[in-house]
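Take a moment with the sequence and the structure below. Then follow the paragraphs one by one, with the model open beside you.

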Amino acid sequence: MKNKNILLAVCGSISFYKAYEILSLLKKNGANVKVLLSDGVLKFATPVGFEALSDGVLTSLNESWTNGLDHISFSKNDLLIIAPASANSINKIANGIADNIFLQTILAASCPKIIAPAANNHMLENPATIRNLEILKNDGFIIVEPIAKTLACLDYGKGGLNEPWLIVETAKRVLNQDEFYKGKKVIITGGPTTEKIDDARAITNHSSGKMSKALADSFYYAGADVVFISSVDFYTPYKMIKFKSSNELLNALNSQKVTQNDILIMCAAVSDFICLNPKDGKIKKDKMGDKIELKLNIDILKNLNLNCKKIGFKMEMDPQNALNNAKNMLIDKNLDAVCLNILDDKIKFGSNQTQISFITKDSTTQTDFATKELVASQITELVKNI
């Protein structure tokens, strides 16, 4: 979002205060943000608070054609976000009504548009509002659905403004759409497996799941239909499925429906070994003995029923043999690519930075040593070539 020009249009909803958080998050992500305030929201707040956080505020009180405070100047942006959007504004916007500077600016905007409704649930469920939201959707507006909650009027229903972070995540997706990923399903697995010894103990590993989350975010921003299968909890704007054991992971994967053009990225850290005879309850120390019998775990990539492009992750600690091992994995598991990372003094479990060698049958490309978010975006580009 860095240096993107965004207009945040705020309607007269009781949830107007969340616009401050949306504005703050947009600015933290590097966007240039101007604010458009309706006459309705001026009943709740003054422009001063928004002026302190933004790159300019336009209202009916300060309109001026001599210094750029006009509806045409404010309409020229990379993205328009209407949040919160009142029922009144929704119905007017859908019908092209522009009887004030707020609506004139929105009507003049030709950039992509996000609208996040917030109103009494009966107002949003009125047939007119439902019909007009459908018109806006058909006109290309991205709708961030309201959430069900106890509203300010004490009615309970689907009328609350969705979370500010989700609105900002949606904005990132709109601004970073890649035609290549439109309509493609990308399944990403992440986090460690946990293999039962008994009900109190388990075999697991130090994977943080951060790389898989960065990848899921990157493919979501690029426009893919992301399914994130993770053993670590994250807040996500896309579908997330939880797993614990490698068997649960395999079942979750095989339940997915894919086409040959869809993509699987196996970033989960799957245990090589599992307990031979896991027990119910808790094994007493004096009955456990001095060893736990293990057996080789199933190979998930070799037991998949998914016919799609497959990318594996390989972690190595031996730099001398790492590349050959990754190339062998590519052939042995019939993969389209392998992402190799080698643990060292800089690249560690749980770190926020990494470096990946992206290996295919024809080439090896090394990413920058950078944040996992930046490396994930580089991988998203590299995957387009497999």
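Two strands pair if DSSP finds at least two bridges between them. Strands are DSSP runs of E with at least two residues, helices are runs of H or I with at least four, and both are numbered from the N terminus. This is a predicted model, where local features need pLDDT of at least 70, side-chain atom pairs count only at pLDDT 80 or more, and totals for chains, interfaces and linings use all residues. Residues are numbered from 1 along each chain as its sequence is written, and side-chain values use heavy atoms, with hydrogens and water left out.

Start with a hairpin. Strand S7 (residues 147-150) and strand S8 (residues 156-160) run antiparallel, joined by four bridges. Ala148 has its bridge partner in S8, and that partner is Lys158. Five residues lie between the two strands, and in this hairpin Leu154 takes a positive phi near 80 degrees.

Now turn to the sheets. Strands of a sheet pair through backbone hydrogen bonds, either parallel or antiparallel. Strand S5 (residues 113-117) runs parallel to S6, and two bridges join them. Ile114 finds its bridge partner in S6 at Ile142.

Another open sheet has eight strands, in the order S13-S12-S9-S14-S17-S18-S20-S21, and its pairing is mixed. Strand S13 (239-242) and strand S21 (364-366) each have a single partner strand, so one side of each is left without a neighbour in the sheet. On average, neighbouring strands of this sheet are turned by 15 degrees against each other, direction ignored. Those angles are taken between axes, which are lines fitted to C-alpha atoms. Within the sheet, strand S18 (residues 337-342) and strand S20 (residues 357-359) run antiparallel and share three bridges. There Cys339 stands opposite Phe358 of S20.

Next comes a helix. The expected span of a helix is 1.5 Å times one less than its number of residues. Helix H13 (residues 372-383) has 12 residues and should span 16 Å; its end C-alpha atoms are 16 Å apart, which agrees. Which residues of H13 are buried? Buried means under 20% relative accessible area, exposed means over 50%, and partly exposed lies in between (1.4 Å probe, protein chains only). The buried residues of H13 are Lys372, Val375, Ala376, Gln378, Ile379, Thr380, Leu382 and Val383.

Some residues sit out in the open. Leu296, in strand S16 (residues 294-296), is exposed because its relative accessible area is 65%. Asp290 is found in the loop between helix H11 (285-288) and S16. Its relative accessibility is 76%, so Asp290 counts as exposed. Asp290 and Tyr156 are 134 residues apart in sequence and 58 Å apart in space, C-alpha to C-alpha.

Finally, look at the backbone. Most residues other than glycine have a negative phi, and most peptide bonds are trans. A cis peptide bond joins Ala83 and Pro84, with omega about -5 degrees. Pro84 lies in strand S4 (residues 79-85). Asn3 has a positive phi, near 65 degrees, and is not a glycine. Asn3 belongs to the segment before strand S1 (5-10). With a relative accessible area of 52%, Asn3 is exposed. Asn334 also has a positive phi, about 55 degrees, although it is not a glycine. Asn334 sits in the loop between helix H12 (322-332) and S18. At 61% relative accessibility, Asn334 is exposed.

Conventions: Axes fitted to C-alpha atoms, helices over the stretch in contact; angles between N-to-C directions.
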